[in-house]
Amino acid sequence: MISRSTTRSILRWVHLIFAIPILGYIYSPFEEIPNYASATRFVFVPVIMLAGYWMYSGVVFAVIGVAVWLSAYRLSGIGAAILSQVVLFIARKTWLVIRARQSK
């Protein structure tokens with residue numbers, strides 16, 4: 001079994017490595033953007049989100065967050081995807097508050 005510190009270190013590196021193509025996407029010439037758009041939207045951003053959410057809150061929240069992001073983006077666009085993440089974080093915070101109150 002991998003220790004928690006090793007897992008965090010691996011996730012940090014994955015998070016950083018997958019951010020490099022996004023910087024290339026942002027700063028590339030306008031003519032080249034369509035070549036990288038699909039890979040950025042459906043590979044690099046979800047992997048960065050998965051690693052970030054995993055470090056922040058655990059693997060279950062990470063998988064749910066990425067699944068919600070991809071489905072909302074695919075069905076309704078970027079606005080719905082961002083809104084879905086806001087709703088997900090509010091639901092998580094509400095769940096944590098309710099769980100803390102019940103444990104008292």
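**Close-up 1. Packing of helix H3 against helix H4 in the predicted model.** In this predicted model, helix H3 (residues 59-76) and helix H4 (residues 78-103) are roughly antiparallel to each other, because angles over 145 degrees count as roughly antiparallel and this pair packs at an angle of about 150 degrees. Their axes are 7 Å apart, and H3 passes H4 in a right-handed crossing. On the H3 side, the contact is formed by Phe-61, Ile-64, Gly-65, Val-68, Trp-69, Ala-72, Tyr-73 and Ser-76, and these residues meet Ile-78, Ala-80, Ala-81, Ile-82, Ser-84, Gln-85, Leu-88, Phe-89 and Arg-92 of H4. Sorted by class, the residues of this contact comprise twelve nonpolar, four polar and one charged.

**Close-up 2. Packing of helix H1 against helix H2.** The axes of H1 (4-27) and H2 (residues 33-57) come within 9 Å and cross at roughly 155 degrees, which makes H1 roughly antiparallel to H2. The crossing in which H1 passes H2 is left-handed. Counted by class, the contact between these two helices holds 18 nonpolar residues, together with three polar and three charged ones.

**Close-up 3. Approach of helix H2 to helix H4.** For H2 and H4, the axes come within 14 Å and cross at roughly 15 degrees; because angles under 35 degrees count as roughly parallel, H2 is described as roughly parallel to H4. The crossing of H2 and H4 is right-handed. The residues that H2 brings to this contact are Met-49, Tyr-53, Tyr-56 and Ser-57, while H4 contributes Gln-85, Phe-89 and Arg-92. By class, the contact consists of four nonpolar, two polar and one charged residues. Among the H4 residues shown here, Gln-85, Phe-89 and Arg-92 are also listed in the contact that H4 makes with H3.

**Close-up 4. The largest pocket and its lining.** The largest pocket holds about 250 Å³ of space. Its lining includes Met-1, Ile-2, Arg-4, Thr-7, Arg-8, Ile-10 and Leu-11, and Trp-54, Met-55 and Gly-58 belong to the lining as well.

How values were computed: Residues are numbered from 1 along each chain as its sequence is written. This is a predicted model: local features need pLDDT of at least 70, side-chain atom pairs count only at pLDDT 80 or more; totals for chains, interfaces and linings use all residues. Side-chain values use heavy atoms; hydrogens and water are left out. Axes are lines fitted to C-alpha atoms, for helices over the stretch in contact, and angles run from 0 to 180 degrees between N-to-C directions. Helices (H or I, at least four residues) and strands (E, at least two) are DSSP runs, numbered from the N terminus. Angles under 35 degrees count as roughly parallel, over 145 as roughly antiparallel, 65 to 115 as roughly perpendicular and the rest as oblique. A crossing is left-handed if the near helix is turned anticlockwise from the far one by less than a right angle, and right-handed if clockwise. Contact means heavy atoms within 4.5 Å. Ala, Val, Leu, Ile, Met, Phe, Trp, Tyr, Cys and Pro count as nonpolar, Asp, Glu, Lys and Arg as charged, and the others, Gly among them, as polar. On a 1 Å grid over the protein atoms alone, a cavity is a set of points where a 1.4 Å probe fits but cannot get out, and a pocket is an open set with protein on both sides within 12 Å along at least five of seven lines; lining residues have an atom within 4 Å of a point. Grid points are joined across faces, edges and corners, and a volume is the space filled by probe spheres set on the points.
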